[in-house]
Amino acid sequence: MSAEAEYFSKDFEWETLRQEIENNPSYQYHLLPFTDTPSQQLEIQASEDSEAWKRFHHRHSSGKFFKERRYLLKEFPELVSCKEFSKVLEVGCGNGSSVIPILRGNKDIIVYACDCSSETLERAKEIVHSSSIFAVQNRFHPFFCDFAFTGFPKWLVCDSCIESLSLKQQECSTDVKEGGVADKSGSYLSRECGCCIGGVDFVSLIFTLSAVPLKKMSPAIMECFSVLKPGGLLLFRDYGLYDMTMLRFEQEKRVGFREYMRSDGTRSYFFCLDTVRDLFAGVGFIELELEYCCVKSLNRRKGKSMQRVWVHGKFQKPA
Ligand SMILES: C[S@@+](CC[C@H](N)C(=O)[O-])C[C@H]1O[C@@H](n2cnc3c(N)ncnc32)[C@H](O)[C@@H]1O
């Protein structure tokens with residue numbers, strides 16, 4: 001599918017798709033309520049989830065499994081129009097499908113990128129460094145982190161800066177600049193101010209939240225909220241309810257309501273707008289944009305039309 005095709009977002013109405021699916025007897029099992037797993041298993045499940053992703057990346061280590069998301073800057077133009085040396089945290093970066101267009105589209109932006117697989121981080125480094133991107137060694141900072149299980153490291157924003165940021169916006173990041181951490185040439189050395197980098201201007205969650213168990217999503221989003229500077233943006237894109245890939249899951253792959261586990265142990269949740277709205281508003285975000293992207297694409301080999309549904313959203317931390 002071309003970048004343009006992925007960007008056009010209204011090939012069909014989501015409401016029409018909803019009616020078709022909900023009235024089709026062969027899809028009824030997707031709509032049934034689901035009995036919860038015991039809450040005491042939650043912690044174990046969370047670490048099992050990242051183990052499954054580690055195995056996934058190990059199996060796909062030779063190829064560039066995720067292709068570059070060339071539509072990303074059209075969906076999120078603020079990544080281009082933002083102030084010099086803005087900082088982005090790409091959560092669950094995989095091998096850099098979203099990192100590359102961001103670094104390429106804005107030569108002053110600084111990208112921190114985490115994943116729960118060190119193998120994919122190594123691969124991301126190789127791909128990013130071989131992509132002839134301006135001053136990439138100073139602007140790309142990958143690090144290992146399971147954000148849903150352990151949260152983010154304190155060097156992104158420490159407790160005292162969280163406090164002072166909420167009292168007085170930008171105080172810490174001014175200290176960071178005065179300390180010579182970011183300069184005009186775009187060179188950037190993190191953690192030189194002694195405490196932390198003072199939070200980030202953007203967090204991107206691109207097809208990562210759906211990999212987190214539903215019960216862990218709210219604390220995981222809270223983590224994203226806490227590393228954002230006041231007024232910062234969270235950029236969200238993920239699987240939407242009744243996406244073709246959801247309807248392909250067999251009944252035994254259901255592990256929750258709208259939650260499925262693939263044979264390799266990685267999971268996928270399919271979001272409706274209300275769930276996204278509740279999750280983000282629940283931790284204090286202001287909703288700026290939230291919609292379904294509905295795209296028809298043709299599988300040429302099988303001659304079949306596929307209905308893809310994604311959720312696109314922008315949320316702001318209050319200033
Ligand atoms: C579908 S990929 C998306 C990759 C990338 N964001 C993109 O735009 O293509 C999901 C990524 O999230 C990572 N991931 C899943 N759960 C995670 C967690 N709890 N903490 C950090 N990364 C996680 C996986 O290893 C995988 O690389």
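This is a short tour of the structure above, stop by stop.

The model is predicted, so local features need pLDDT of at least 70 and side-chain atom pairs count only at pLDDT 80 or more, while totals for chains, interfaces and linings use all residues. Residues are numbered from 1 along each chain as its sequence is written.

**Whole protein.** Start with everything shown. The protein has 13 helices and ten strands; helices (H or I, at least four residues) and strands (E, at least two) are DSSP runs, numbered from the N terminus. Of its 319 residues, 39% are buried. A residue is buried if 20 or more other C-beta atoms lie within 10 Å of its own, exposed if 12 or fewer, and partly exposed in between, with C-beta atoms placed from the backbone.

**The ligand.** Select the ligand and the 24 residues around it; Trp 53, Gly 92, Gly 94, Ser 97 and Ser 98 come nearest. A residue is near a molecule if its C-beta atom, placed from the backbone, lies within 6 Å of it. Helix H3 (42–59) and strand S2 (110–115) are the elements that give two or more residues to this shell. By class, the shell has 13 nonpolar, eight polar and three charged residues. Ala, Val, Leu, Ile, Met, Phe, Trp, Tyr, Cys and Pro count as nonpolar, Asp, Glu, Lys and Arg as charged, and the others, Gly among them, as polar.

**Glu 90.** Next select Glu 90, in strand S1 (residues 87–91). Glu 90 counts as buried because 28 C-beta neighbours lie inside 10 Å. Leaving out residues up to four places away in sequence, Glu 90 touches Ser 98, Val 99, Val 111, Ala 113 and Ser 204. Contact here means that the C-beta atoms of two residues, placed from the backbone, lie within 7 Å.

**Helices H11 and H13.** Select residues 214–227 (H11) and 273–282 (H13). At the contact, Met 217, Ser 218 and Ile 221 of H11 meet Leu 279, Phe 280 and Gly 282 of H13. This contact has four nonpolar, two polar and no charged residues.

**Two loops.** Select Ala 135, in the loop between helix H7 (118–129) and helix H8 (136–139). Its phi is near 45 degrees, a positive value in a residue other than glycine. Ala 135 is partly exposed, with 15 other C-beta atoms within 10 Å.

Finish at Arg 258, in the loop between strand S6 (254–256) and strand S7 (259–261). Is Arg 258 buried or exposed? Arg 258 is buried, because 20 other C-beta atoms lie within 10 Å.

Conventions
Axes are lines fitted to C-alpha atoms, for helices over the stretch in contact, and angles run from 0 to 180 degrees between N-to-C directions.
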